[in-house]
Amino acid sequence: MKRLLTASAALALTAGMAQAEYTLHILHINDLHSRIEPINRFDSTCSAEDDAAGECFGGVARIKTFIDGKRAELEGENVVVLDAGDQFQGSLMYTTYKGDVEAEMMNAIGFDAMAVGNHEFDDGPEQLAEFAGEVDVPIVSGNLDLSQSNVLGDDHVADHLILDVGGERIGIVSALATDTVETSSPGPNVIFQDEVEALQADVDALTAEGVTKIIALTHVGLPRDRQIAGGVTGLDAIVGGHSHTTFSNTEEGAEAYPTMVNDVPIVQAYAYSKYVGHLTLVFDDDGNVTSATGDTALMDASVEPDAGIAARIAELAGPIEELKSRVIGDAADAIEGAREVCRAMECPMGNLVADAMLDRVADQGVQIAIQNGGGLRASIDAGEITMGEVLTVLPFQNTLATFSATGADIVAALENGVSQIEEGAGRFPQVAGMTYAFDAAAEPGSRISDVMVGDTPIDMDATYGVVTNNYVRNGGDGYAMFSTAADAYDFGPGLELVVADYIADLGGTYTPYTDGRISAK
């Protein structure tokens, strides 16, 4: 494996031998998830008022400004701009335009390569093929066998790439998480191969062509990237995505930028356009990395949005207002979602959302749904239900998250959920697939009883499939017991879309109800 040379090793190079150094600047993003417009601190679309107050981040207009500025600053140097996947899904820009806007903005910014993310398959391989025809950016994923597909081929997704950067050939290899068959909709004709094996084959192919500088642009998540760094020989760096990991040398609790594993630098730039990463690699004449430095840059109000892009986004936002007015069904009665209700007891809105979550993933063996009451922000009146009303109830653009948990962890989660009921805390657990009782007069930590999963008392030692939103799964509202859960996947469809689809699948008319699944003693 090519090693990052230590200072002592560099000094030991033969005296007088000329060593031609080559410096490569990699600007990168990942997991944009259609955050075309600026985002707020909750990673959802920023209001005009908050943006004007300087309280928002990101958006592709800021990315355009930042990358153009870096290109100007580094004029004459070697620069590549990479995207580690998941342009699709996550805002009404994608819901409305199905990838057209993402393609337009990628072209305007000028990316040099993009990895396929799992969400690029959310609307099937056909949508990815259409997107590939719209972008002026080569798309790469080396562990996809497309030989059986009549939709996708090498003209849409390359196995690996060679970029000419300053007269040097830069190899780009890539891999997509193999569980995409479960988290998205690639269909039966896209065959996934082991990431490590596929990457090694592509590195070997590039090496045989004389390419000595090879970057892995992956969408597998940091844990798998660590395994790739340890298992694939010949890589010079890994630019990743999928796990939405914060890398920073200044933010507390973040991964170091870069993180070194087996002498391979690994980087990522969180998600949602909030950061742009800048990795600087210095190579010796043999293609060995002698230095790997850099950091992520926060796209806050100090980065002025590109005026042309901002104007175009404002134009594109017009039909989204129409989407908000789209009628998705009818409510037979008012659906109660007031905070004073949903943070203290079973509420109709909690039942609707939890039922919709569980229905969406029931075929994956999931038995229990938990939704924090604080994630429900409004009621819906009787009569027509618009998409705008659903977005008002669920404004955070949370995604569906699934994982495995023991009965003991689930009971601990319920205890957490009712531990601050006196304060009206948002952690109160609305549920589906289970029932429980609580005694608010008891000491916190000992308030829960009579927990049933279906018709059976919960088994503290058994393992259950659970669905919640990504905020709760990552420990939000005190649900720390879920933050290290097994088999966790946080990047399902948007919760607002899940609820809208659920109402539509019921025939368009929803009758709100409570059924005693949560009882107070």
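1. Ground rules. The model is predicted, with local features needing pLDDT of at least 70 and side-chain atom pairs counting only at pLDDT 80 or more, while totals for chains, interfaces and linings use all residues. Residues are numbered from 1 along each chain as its sequence is written, and side-chain values use heavy atoms, with hydrogens and water left out.

2. Strand S2. Have a look at residues 78-83: six of the six residues of strand S2 are buried, so the strand is largely enclosed by the rest of the structure. Buried here means under 20% relative accessible area, against over 50% for exposed and in between for partly exposed (1.4 Å probe, protein chains only). Strands (E, at least two residues) and helices (H or I, at least four) are DSSP runs, numbered from the N terminus. In a regular strand, side chains alternate between the two faces of the sheet. Both faces of S2 are covered, with Asn78, Val80 and Leu82 buried on one side and Val79, Val81 and Asp83 buried on the other.

3. Neighbours of S2. Strand S1 (residues 22-29) runs parallel to S2 and is joined to it by six bridges; His25 is opposite Val79. Strand S3 (residues 113-115) is also parallel to S2, over two bridges, with Leu82 partnered by Ala113. For pairing, DSSP has to find at least two bridges between the two strands.

4. Strand S23. Six of the seven residues in 463-469 are buried, so S23 is largely enclosed by the rest of the structure. Which strand pairs with S23 in the antiparallel sense? That is S18 (residues 400-406), over seven bridges, where Thr402 has Val467 as its bridge partner. Strand S16 (residues 368-372) pairs with S23 in the parallel sense over two bridges, and Ile368 stands opposite Val466.

5. Gln371. This residue sits in strand S16 and counts as buried, at 1% relative accessibility. Its side chain makes a polar contact with the side chain of Asn469 at 3.1 Å. A polar contact is a pair of N or O atoms within 3.5 Å; within protein, one must be able to donate a hydrogen and the other to accept it, and residues adjacent in sequence count only if both atoms are side-chain atoms. Leaving out residues up to four places away in sequence, Gln371 touches residues including Val353, Met357, Phe428 and Leu495 (contact means heavy atoms within 4.5 Å).

6. Three strands form an open sheet in the order S17-S15-S25, with mixed pairing. Its edge strands, S17 (383-386) and S25 (509-510), each pair on one side only. S15 (residues 327-331) and S25 run parallel over two bridges, with Ala331 opposite Tyr510.

7. Cavities. A search of the whole structure gives four cavities of 30 Å³ or more. On a 1 Å grid over the protein atoms alone, a cavity is a set of points where a 1.4 Å probe fits but cannot get out, and a pocket is an open set with protein on both sides within 12 Å along at least five of seven lines; lining residues have an atom within 4 Å of a point. The largest cavity holds about 130 Å³. Its lining has 17 residues, with Arg35, Gln89, Gly90, Thr399 and Gly494 nearest the centre.

Technical notes
Grid points are joined across faces, edges and corners, and a volume is the space filled by probe spheres set on the points.
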